[in-house]
Amino acid sequence: MFLRRLVIRALTMLAVLVAVQILVVVSLGATGYSDRMLQAVIGEQLRGMRPGLAETIRDPDELEAALAAQRIELEQAYGLDRPWYARIPSMVMRVFRLDLGEAHTLRSFSGSNRVADIVLERIPNTIILLTTAMAITAVVGIAVGTRLAGRAGSRIDRAVSYGSAVSYALPAWWVGILLILVLAFRFPIFPSGGMYSAPPPPAGLPRFFDLLHHAALPVLTLVLASLGPYIYVVRTMTITIAQGDHVLAARAKGIPERTISRRHVLRVAAPPIVTGLILGLAGTLGGSILVETVFGWQGMGRLYYEAIAGTPDEMVIVALTFMFTLLYVGARMILEVLYVLLDPRVEAGERAEAVR
Amino acid sequence: MSGSAAGPPPGKRPLRKLIRGLRASAPGRVGLVLLAFLVVTAVAVLIIYPRDFASAYWSNPAHWADNPRSVPPAWARLVYRPGALRHRIISSTEPTEREETARAHFSRWDFPVDYQAAEPPTSIVVTLREVTFAARPPIVTATLVRPDGGEVRLFREVISGARPGESAPYVRHAEEPFRHVARGDGAAGESLAGHYEAAYGVALDSARLRDAFEALAFGHVVEGDLEPLHGEYTLRLEAMLAGEEDAVTEARLVVGGSVFGVMGTDAWGRDLALGLLYGLPIALAIGLATSTVSTLLGTALGLVSGYTGGRTDLVIQRAADIVANIPVLPLLIFLVFIGGSRLWLILAVLVAFSWPGLTIMVRTMVLQLRHGPEVEAAVSLGASRGRIIAYHVFPHTASYVFAQLVFFAPSAVLAEAGLSFLGLGDPRIPTWGQILEHGFRTGAVFLGYWWWVIPPGLLIVLTAVTFMLLALGMESIVDPRLKGARMWRS
C-alpha cells in the first residue's frame, strides 16, 4: 500500500516534469525563440566547418555555395524546415539533455560558454544552500512546534502563531537585504555577499570556514523565512493527532503522559511533519532563487538574475527553469521516500491525504 | 473538526457571517482595521495622483532634476544627522510684488530661506519656466540678501530675443526651464567676493569661490575661520518686463540639502514617498485581482469536478495534481521572461498556478454534499443541476471559498514583488518590488541607503500581513484545513 503512494507520487512528479518541459518548449516555439536558438546553433557549426572547407575549396564563391548547401542540410537535420510544433518532441529531448547551444555573454567559471557547463557547475552551490537551510528549518521547526503543541492556547503559543503569519508574509529576499544592512553594513560581522573571500583562503579547513562564514547570512535568511509557517504546521498537526481517539484510549489505560507524547503522538505525527516540509519545499526553492541573488551566492538562482540582467541569455533561462523543476522533483521524491519510511502503517497514504 | 468535510453549517449569507466572525476574533479585527486604512489610502492616491504619473513623472528623470540624489528623509535629522540641511524647493507662479513704472513692469519674487543647519547648502539653483513677451525680451536679476545685510548678485540675464521669422508673442523655456546654477558663475563669484572684501576685509580667490561657493554664500568669517551664518536669507528675483502681457509663469529656488522630504530620494532624485504611495493601489489590485480570479477558477473547477464526476472529474483532478506540484517561481520567471514584462501576464501566470488547492478542497466538500439529504431532496423535487449547485452545494462551501480569496492575496503580492526584484517587473507600472530592485541594482544595500530599501519591503509585508490576519481571523469560522492549502511565495 505504501509502495502505491510512492508510485503515484513518482508518476505525478514525472508528469510534472513532462508538463513543464512541454510548457517551456511550446512557449519557446510559439514565440519564435526555438527557431532563433536553432539558427544560432547552426551558425556556430557552420563557423566551425569554414576553416576545414576553406582548405579544400579555394574559390570563395564555391566556398560560400558549399556552406549554403551545408546550412540547408543542417536546417533539415534540425527540423527548421518544419513548423515549430512538429519539433516539440526533439526540443523536449534537447532541453532534457541541456543541449541548448552556447550562451551569449555568460561564461562558466572555467570560461566555457556552453549552456550546460554554465548551469551544471552551479547546481552543487544551490544544493548546499538549500539542504542546509531545510535541515535547520526541520530540526528547529520540529523541536519548537511539538513543544508548542503541548501548550496550545498559551500566550507563547499565540505569539508564535502570529509570528508565523508574519513570517509567511516576509519576502525572504527582503529579509536578506535587512540582514546585509544590519550584520554586514552597520555591524560588519558577516560578508555581504559571495561565497569566498578574495583571495580565497588555502584549500581545506580555512576555506571551509570561509564558506561557512559566507553562507551564514543566506542560510539564516532562508531559515527565518520558512521557519514560521513550518513551526505552525508542526504544531497544528501535533495538536490534531494529540486529540485522536488512540491518545484518549492510551490515557484511559493510564499510560504515563511522557510515553503517550513520545509513542502515541510524536511517532504518529512524524509523517505529517514530513508533509509540512513537502509543502514548504516549493517556497524555499523559490526563496533560494531570490536569496542567492541578494547575496551573490554563485548558485543557479543567482544565474537567473545574471541571465535576465544585461544581455538576456534565453537558453540559460530555459536550462535553469528545467533544472529547478528537476531539483524540486528530486527533493520531493526524497521527502516522499522519507515519509514512507517513517510511516509503516498500511493506511498511511489515506491518512496523510486526509491531514493534508 | 476537520473530519466533517461539509464545513460550516449552511448559511444563507456566508459573506455576512464571515465578516461577523472576523469582527469577533482579534486578528480579524486588526486585519479589518489595517485593510480599511490601506484601502482608504489607496483610493486617495488614485484620486490625487495624475493619471499619467508613471510615465510622465516617475519614469521621467527631468521631473526630478531639482532633487538631491540618494539622500535620507528629513526626519533623519532628529535621529542621527542633526546638522543636516533639509533640501528645499520653493516655487511660485504668482510674484510677491508687482510694480509699474513709465518704462517697464517689474515682477518680484521674495523667497525666504531660514538657514540654521551646521552644513552649507550643496547647491543654489534658480529656475524660471515659460517666459512670454511681446516685443523686448525680459531681463531677470537674482540677488541673495544675507542676514548680515550683504547683497550678492547671483545673475542678471536677458532672455533670448526674437528669432528671424518668429512672430509675437514669444515663448521661451516652456519645455526646458531656464536654469541658473550659482556655483561656478563668474559674476556671482565676483559679487560675493566684493561683499567679503567690504564686510570682513577678506580677499577670496577664484578657486575658493568655485569650490566653496555655497559655504561662503551662507557663511561668514569669525576670527579668520569660515563659519555658517545662521538666520533669515531672502532670494530676491526680479523680472523687468517691457510689455503689458509679458510674464514669467513660474519661478523656483532650490537650496540643495542632504536630507529630503518624508521618505528621502533614490539615485535619480525621485521622491520615494510618492513612489511608495503609488505602489499601494497597485499592490492591492495585484492581490485582489489575482485572488479573485484564482478563487473563481478554483471554485468553478472544484464544483464541476465534484458534481459531474466521471471522466471530467478525473481529468480535472489529474491536472490539479500536476499543476499543484509545479514549483511556481522558476516557471513564472521563464514565462514572464519569454512573454515580456507585462503586469497582466504576471497575474495570469499566477492565476494559472494557484487554482488547484481550492479545486481539490471544494471537490472533496462537494462529494460529501452530493449524497447528503439536502441535495437528494432537491433532486427528488426535480431541481436542475445548475440550481442544485448554486443553491444547495455552493453555499456550503462559500465561507471556505471566501477565506481562500483572502488567503491567495498575500502570495500574489509577494510573487509580484519577487519577480520585480529579479528585474522582470512591468516597467510601465512602478511597484514596491521595482523600487527595491532599483535600489539593489544600484548598490543602495551595500551603501547603507536604508530609506530606499526598508520602507518598500515594510509596505509589502504590511499588505501581506493584513491579508494574513484576515485569513487567520476567518480560520476559526471556516475550517482548520485551511492550513493545508497550497501557498506560493517568493
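In the predicted model, the C-alpha centres of domain 1 and domain 2 of chain B are separated by 55 Å. The domain assignment of this chain places residues 2-58 + 272-482 in domain 1, whereas domain 2 comprises residues 88-255.

B:Ser305 belongs to helix H8 of chain B, which spans residues 272-308. The relative accessible area of B:Ser305 is 0%; because buried residues are defined as those under 20%, B:Ser305 is classed as buried. The side chain of B:Ser305 is joined to that of B:Asp313 by a polar contact of 2.4 Å. When neighbours within four places in sequence are left aside, the residues in contact with B:Ser305 are B:Asp313, B:Ile316, B:Gln317 and B:Arg363.

Two packed helices are described by the angle between their axes and the distance between the axes. Helix H6 (residues 123-149) of chain A packs against helix H11 (residues 257-295) of chain A at an angle of about 140°, and their axes lie 9 Å apart. H6(A) is therefore oblique to H11(A). The crossing of H6(A) and H11(A) is right-handed. On the side of H6(A), the contact is made by A:Thr126, A:Leu129, A:Leu130, A:Met134, A:Ala138, A:Ile142 and A:Thr146. H11(A) contributes A:Leu266, A:Ile273, A:Leu277, A:Leu281, A:Thr284, A:Leu285, A:Ser288 and A:Glu292 to the contact.

Notes: Residues numbered from 1 in each chain as written. Chains lettered and ligands numbered in written order. Predicted model: local features only at pLDDT ≥ 70, side-chain atom pairs only at ≥ 80, totals over all residues. Heavy atoms only, no water. Domains from an automatic or database assignment. Helix = DSSP H or I, 4+ residues; strand = E, 2+ residues; numbered from the N terminus. Buried < 20%, exposed > 50% of the residue type's maximum accessible area, 1.4 Å probe, protein only. Polar contact = N/O pair within 3.5 Å; in protein donor to acceptor, adjacent residues only side chain to side chain. Contact = heavy atoms within 4.5 Å. Axes fitted to C-alpha atoms, helices over the stretch in contact; angles between N-to-C directions. Parallel < 35°, antiparallel > 145°, perpendicular 65-115°, else oblique. Left-handed = near helix turned anticlockwise from the far one by under 90°.
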